[in-house]
Amino acid sequence: RRLPGRKWLIGTAALAVVLGGYWYYSRSGDQSGANRGGNAAPVKVTQVVRRDMPVVEHTLGTVVANTTVNVTSRVQGVVDSAAFKEGQFVKKGDLLFQIDPRGFAASLAQAKAMLAKDQAQLTNANRDRDRYLSLAQQGAISDQQRATSATNADVLAATVAADKAAVDLAALNLDYTQIRSPVDGKTGPLLVQPGNMVSATNLAALVTIEQVRPVKVSLTLPQSDLDRIQARQKGKGLEAVIENRTGPDGKPLSAPVLFTSNAVSGQSGTIELRADFANDDLSLVPGALVDATVQLDDIPNALVLPRDAVNDG
């Protein structure tokens, strides 16, 4: 009677042992698999390609105005008005300032009157010279009188020439009362307000004009690149690329390097290069810093792969 009960107990115990062992090994396998997954390093795959490899230098460039002009007065007077707004684009010959012209107009009128008076005297002196010359040929007057009349005519001729120069100078000073832009560019702030007295002897600027179309980008490269810079200039030529600006075609802005300094800086050990950019969209502002790249050489038919794929060992 007791035998069936023992068999049942033994079977139950055996089943529990089997289930416990299965659970234990299953749990151990999951943990080891998890550990293996956590220790695995991510690997990126790329292809090694064969192509021409450019040798480039990356540096910071500074945007420089193509031309900077400090507009000053060439005559003394009171500024009547300014004919532009601060920050306005002006063209060469545009009126910027008007200085009170009344005193200069009066000086011009006075010079013209003096010229007219001396011209009349010169006309009379020329008639006397011709008459005395005729009388001297007839023996009616002495040679001294003839020479004196000729000298008077020559003196008045020189006086008339001086009067003409005075008229030109007065007209020039009157013209200087209108201060016009010498270049195309963008105006800065007004440095002298209307109503102030300006002088030709004071070189303080009334306004500063910077030509921003085109502009220059100035960049420096280390002295160690000097040989490659010179070799590139003799061959294909240097080209500067601004990486953080794009043109109408969506590509980075590029321009040929047209200037290389004639000396290496003794302080920094670098040489300056400059490239001209059209700057039609005015995105390059003088004084701004830009990321610039200059290609100095080519490695033909090279095996190229990412820098991160190369490890020392």
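Modeller: Rings of Phe, Tyr and Trp count as a pair if their centres lie within 6.5 Å, and planes over 60 degrees apart make the pair edge-to-face. The model to which this is applied is predicted.

Colleague: Which geometry do the rings of Phe-84 and Phe-97 have?

Modeller: The ring centres of Phe-84 and Phe-97 are 5.4 Å apart. Their planes stand at 90°, so the pair is edge-to-face.

Colleague: Are Phe-84 and Phe-97 buried or exposed, and how many residues apart in sequence are the parts that they tie together?

Modeller: Phe-84 and Phe-97 are both buried. Phe-84 belongs to the loop between strand S2 (77-82) and strand S3 (89-90), whereas Phe-97 is in strand S4 (residues 95-99). The pair therefore ties together parts whose separation in sequence is 13 residues.

Colleague: Which helices and strands make up the protein chain, by number, and what is its radius of gyration?

Modeller: The protein chain has four helices and twelve strands. For 313 residues the globule rule gives 20 Å, and the chain is well over that, so it is more spread out than a compact globule. Along the principal axes, its C-alpha atoms fill a box of roughly 190 × 50 × 40 Å. The radius of gyration is 45 Å.

Colleague: What percentage of the residues count as buried?

Modeller: Buried means under 20% relative accessible area. Of the 313 residues in the protein chain, the share that counts as buried is 26%.

Conventions:
Residues are numbered from 1 along each chain as its sequence is written. This is a predicted model: local features need pLDDT of at least 70, side-chain atom pairs count only at pLDDT 80 or more; totals for chains, interfaces and linings use all residues. Side-chain values use heavy atoms; hydrogens and water are left out. Helices (H or I, at least four residues) and strands (E, at least two) are DSSP runs, numbered from the N terminus. The radius of gyration is taken over C-alpha atoms; the globule rule is 2.2 Å times the number of residues to the power 0.38. Buried means under 20% relative accessible area, exposed over 50%, partly exposed in between (1.4 Å probe, protein chains only). Rings of Phe, Tyr and Trp (its six-membered ring) pair if their centres lie within 6.5 Å; planes under 30 degrees apart count as stacked, over 60 as edge-to-face and the rest as tilted.
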